[in-house]
Amino acid sequence: MAIEKNRASQIQNIKSKRIEKVSVDELFDGISKGQYPELAKGITLIESTRPEDFEMANLLLTKCLSIQNSSLRIGITGVPGVGKSTFIESFGSYLTKMGKKVAVLAVDPTSSISKGSILGDKTRMEALVKDPNAFVRPSPAGDSLGGVSRKTRESIVLCEAAGFEIILIETVGVGQSETLVHSMVDFFLLLKLAGAGDELQGIKRGIIEMADAIIINKADGDNVKKAKLAKTEFARALHLYPPKENGWIPTVLMVSSIESSGLNDVWSLLKKFFEESEGNGHLSKNRFEQNRKWFEQNLENELKFRFFKNPHLQKDIAETLLKIEKNEVSPFHSAKLLVKKFLK
């Protein structure tokens with residue numbers, strides 16, 4: 001335990017030194033000019049959990065929000081092993097070859113035991129990392145639910161300020177509970193595998209009905225026949241759900257990330273979606289909803305932070321936890337009492 005704490009302290013010290021080398025104005029100037037090192041430092045700043053960095057992070061976000069950039073925010077999810085990273089590298093390279101600037105925010109699962117993350121997405125996207133029109137940033141999920149990092153929304157703002165036209169958000173990939181990303185993107189892309197029992201998920205509510213498109217990945221070699229069958233099954237399953245509010249009808253496509261086949265169909269579908277969404281006003285309405293949920297999330301985080309850092313409650317919280325451990329008090333009732341004291 002002492003070794004883990006010491007290691008965490010060393011990592012935090014390294015991060016803090018990186019942040020303190022430049023001012024907010026210097027960071028913003030570099031980000032607005034599309035400089036990748038400054039963008040990386042800016043994201044490190046907003047991800048910092050040090051209270052002394054909060055003011056700088058908020059100031060940087062305010063400056064970046066002043067830059068208007070009509071980027072396309074695309075969430076990409078799917079169970080582990082479905083090939084999200086391979087698809088993103090293949091699709092990202094397809095977009096950069098057309099002259100598009102692509103940012104990838106890849107969220108890596110965090111261990112509940114060691115609190116560490118591998119952050120190996122750059123290794124798996126070796127070609128895209130070297131692409132001058134692409135920026136790949138892995139971040140730990142931490143204790144955030146929904147498959148995304150606690151600061152994913154803020155990272156999107158910085159990437160937009162840096163001039164990226166398309167932002168791909170790769171989620172942790174945990175299954176039906178991975179829905180938070182839906183509230184921060186314009187288009188929700190769900191990757192599925194053929195012949196892996198995934199067809200059953202097509203009739204389950206949750207993440208499936210949120211999808212704006214389903215991609216049957218790894219449709220190559222001996223798997224093509226299974227992929228076609230899976231495409232038919234999911235297409236049938238989608239008819240079980242009512243039409244989306246914006247009138248969009250989700251489509252099922254087949255893709256081979258290794259062979260780079262089907263990527264043109266994905267891009268054509270995305271262009272159609274954004275053209276229709278801008279035309280019927282859904283895109284602007286959705287962005288308003290994203291900002292509203294961003295506000296609510298930050299409000300919850302701020303209240304939670306102030307509650308646990310309140311010096312007048314530290315003793316009460318410690319004593320309550322001991323009583324709960326001994327089953328002397330109800331966690332529900334104790335929480336209500338502490339919140340009532342906090343609000344006085």
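A: Contact here means heavy atoms within 4.5 Å. The model is predicted, and the values below are computed from it.

The pair to start with is helix α13, residues 314-325, and helix α14, residues 331-342. Their axes come within 11 Å and cross at roughly 170°. Since angles over 145 degrees count as roughly antiparallel, that crossing makes α13 roughly antiparallel to α14. On the α13 side, the residues in contact are D316, I317, T320 and I324. They meet P331, S334, L338 and K341 of α14. Sorted by class, this contact of α13 with α14 holds 4 nonpolar, 2 polar and 2 charged residues.

Helix α12 spans residues 282-309 and contains R287. The relative accessibility of R287 is 19%; buried means under 20%, so R287 counts as buried. Leaving aside residues up to four places away in sequence, R287 touches S71, R73, E160 and D186.

One of those partners, E160, is also among the buried residues of α8. Just after α8, G163 takes a positive phi of about 95°.

Definitions and conventions
Residues numbered from 1 in each chain as written. Predicted model: local features only at pLDDT ≥ 70, side-chain atom pairs only at ≥ 80, totals over all residues. Heavy atoms only, no water. Axes fitted to C-alpha atoms, helices over the stretch in contact; angles between N-to-C directions. Helix = DSSP H or I, 4+ residues; strand = E, 2+ residues; numbered from the N terminus. Parallel < 35°, antiparallel > 145°, perpendicular 65-115°, else oblique. Nonpolar A, V, L, I, M, F, W, Y, C, P; charged D, E, K, R; others polar. Buried < 20%, exposed > 50% of the residue type's maximum accessible area, 1.4 Å probe, protein only.
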